[in-house]
Amino acid sequence: MIFDDYEKPSKLMMNLRAVFGRAYPRVIGVNREPSWLFFETFLPLLTVAAFVYFYKALDAPAQYIGYVIIGGAMTAYWMNVLWHMAAQMFWEKEIGNLELYMIAPISRMAILGGMALGGMFTCTVRAVSTILVGVLLFGVTLSLPNPLMFIGIFIFTMIALYGMGMMFASLYMLWGRQAVHMSSLMTEPIYLISGFWFPIKAFQNPEILGASKGLWLGTIASLIPITLGLDGMRQCLFPGTNDGFLPLWIELLALMALSVIFLILAKLSLDYMEKLGKQEGRLTMRWQ
Amino acid sequence: MKQSGGDILAIPAIEVKNLNRTFKTKAVKRKSKAEIVKALQDVNITIHQGELFGLLGPNGAGKTTLIKILCTLLLPSSGQAKVLGYDVDKEAHEIRHKINMVSGGETSGYGLLTVRENLWLFSQLYGMPTKIAKKRIDYLLKVMGLEHKKDSKVRTLSTGLRQKANIIRGFMTNPSLIFLDEPTLGLDVNASRLIRDFIKNWVKEKPGRTVLLTTHYMMEADELCDRVAIINDGKVLACDTPANLKKLINQDTTIKLEIRQVQDLSAFEGITGVRSFTHSHNITAGITKLKFILDDDATIADIVTAVPKSGSKIVSVEKTEPTLEDVFVTLVGRSLVNNDI
């Protein structure tokens, strides 16, 4: 019979299926709406180009063009975490999907994990195209003497960054519209302190903040995983430039630690917010 | 709580004891006080496995709140609610494996995905192997007459077709208990009938399958439900089979009166012996339909006498058997249906 029981999958397999299931619309969305691809790749290049020409006009060292390209590529992930990952649970509630996710017998982390995986896929398309344009149009030369370190830095940046996105997602889920304004608030300041367009070591320059204050600001900014991720990747791709904030292995260890911390915090905040939402009835209340 | 073998069907599908749920509404202005709304008040209901149970009530009666508590989306303020033997608060995860929910007017899923893709996505939340999921989806698409739309994007579907897809989403996981919150809301006659027939057959197919249905449509509840609870202002006013509920007012007389050119309905108010009356206007035909529940036949004469006073003329008078709608009107004091047709 069509509805005969089947062998129930293990808890891990159930959650993995949920991850892939939830990732699917994001991956498919790019194919179904090719215009997204244009807006996601071409428009951000304009900002990148502006910084490239700015540095060229100032006769900045050649690696700065490369820093901008990497910063531009990583912007995709940061915007994805802020606008699609963190705010997604809120939007899922608005469109009526959250209830269905909440009554499903899976971990809420699997839902968020699926969103993260799908988001990473679409962002990688944009990031790769930004780097390709950088190499082809602006003549940036990348070298990779330590590919394992680069892969490690990238992977743990992604885990920590999307872990942070998961944590925000649970907060946004209950705080509603006010929380969405947080995304606006965090966009530009993080561009500045995380060093999307320049290495954060520059803060230590005596003409900017000085060694001590620059170090403090960099340390605080390092709580946002993209800061160390950007710095680490730049150190890997442009070796010998002496613009790194911390030694690479420390950055890798810090990103590993941030990955664990953010995933744990995400799980705890999600559990807490779900309980609070069930008590106050806000899990299913729209138009907040 | 776990039981096995033959005992499983002995566990009530739903057991609600002294259930209360309040909501605190936020004050818009700082100086005004927050309001406490009692959505459910001392609700007691037991629904057995294999039952098709209906919850009838006007908007804001507490039906959806009750369903959300039973679906583990909301916690009770006090009292106890168990689903298939599991506590909704402490054992929510065990419940979620066995239930599903479909709401009327639901706009779930992703508009960019096709019907089949959306259904597959939701099957993955229940860990269903893709091969089995696709078989079930294809089967249900056929049963629901949605096969021709399987590769259409969800955002291109009409309300009726989207609701059929929602019904498939709820049933494809083969839940032991399904919550249907106004599943035929806004659907045309054919689509509603198809869904009602599907629900009836689904319950019959396997012992123990249970449905908790909320509806505004009395005829739907009468046709589908083994038992019905009438709920108003968060309280259960009556709970029994439709036949037994009708017996509550069986000794009363129910008459339908059609009148033309009515000017003043107040002529029918305050007539001794009238327990309740409802009316609906057919504006295009210029006819007003009145339905009276009377203590006895003697009052019919007083009603007929009141017709000229209302400035109208009698088109027809008919004595009828009580319906679930009449029971509802008697208990709640007002009708669920729209007064103007």
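Visitor: In which loop is Leu84(B) found?
Guide: This is a predicted model, and what follows is computed from it. Two bridges join E4(B) to E5(B), which run antiparallel, and the bridge partner of Val83(B) in E5(B) is Tyr86(B). Leu84(B) is found in the loop between E4 and E5 of chain B.

Visitor: Is Leu84(B) buried or exposed?
Guide: A residue counts as buried if 20 or more other C-beta atoms lie within 10 Å of its own. Leu84(B) has 23 C-beta neighbours inside 10 Å, and therefore it counts as buried.

Visitor: What is the phi of Leu84(B)?
Guide: Most residues other than glycine have a negative phi. Leu84(B) is a residue other than glycine, yet its phi has a positive value, near 50 degrees.

Visitor: What is the order of the strands in the open sheet of four strands in chain B?
Guide: E1(B), residues 14–25, pairs with E4(B), residues 78–83, in the antiparallel sense over five bridges, and one of the bridge pairs is Lys17(B) with Gln80(B). E1(B) also pairs with E2(B), residues 35–47, over nine antiparallel bridges, where Phe23(B) has Val37(B) as its bridge partner. E4(B) is in turn joined to E5(B) by two bridges. The order of this antiparallel sheet is E2-E1-E4-E5.

Visitor: Which strands stand at the edges of that sheet?
Guide: A strand at the edge has a single partner strand, so one side of it is left without a neighbour in the sheet. In this sheet of chain B, the strands in that position are E2 and E5 (86–87).

Visitor: Which helix lies across E1, E2 and E4 of chain B, and at what angle to E2(B)?
Guide: The helix that lies across these strands is H1(B), residues 63–70. Leaving aside its neighbours within four places in sequence, Leu70(B) is in contact with Ile14(B), Ala81(B), Val83(B), Val88(B) and Phe179(B). The angle at which H1(B) runs to E2(B) is about 65 degrees.

Visitor: How are H5(B) and H6(B) oriented to each other?
Guide: H5(B), residues 159–171, and H6(B), residues 189–205, pack with their axes 11 Å apart at an angle of about 10 degrees. Their contact is made by Gly160(B), Lys164(B), Ile167(B) and Phe171(B) of H5(B) and by Ala191(B), Ile195(B), Phe198(B) and Trp202(B) of H6(B), which by class gives six nonpolar, one polar and one charged residues. Angles under 35 degrees count as roughly parallel, and therefore H5(B) and H6(B) are roughly parallel to each other.

Visitor: Which element gives the most to the side of chain B that touches chain A?
Guide: In this contact, 30 residues of chain B meet 32 residues of chain A. The elements of chain B that give two or more residues to its side are H2 (92–96), E6 (99–103), H3 (115–124) and H4 (130–143). By class, that side has 17 nonpolar, eight polar and five charged residues. The element that gives the most, with four residues, is H4(B).

Terms used. Residues are numbered from 1 along each chain as its sequence is written. Chains are lettered from A and ligands numbered from 1 in the order in which they are written. This is a predicted model: local features need pLDDT of at least 70, side-chain atom pairs count only at pLDDT 80 or more; totals for chains, interfaces and linings use all residues. Two strands pair if DSSP finds at least two bridges between them. Two residues are in contact if their C-beta atoms, placed from the backbone, lie within 7 Å. Ala, Val, Leu, Ile, Met, Phe, Trp, Tyr, Cys and Pro count as nonpolar, Asp, Glu, Lys and Arg as charged, and the others, Gly among them, as polar. Axes are lines fitted to C-alpha atoms, for helices over the stretch in contact, and angles run from 0 to 180 degrees between N-to-C directions. Angles under 35 degrees count as roughly parallel, over 145 as roughly antiparallel, 65 to 115 as roughly perpendicular and the rest as oblique. A residue is buried if 20 or more other C-beta atoms lie within 10 Å of its own, exposed if 12 or fewer, and partly exposed in between; C-beta atoms are placed from the backbone.
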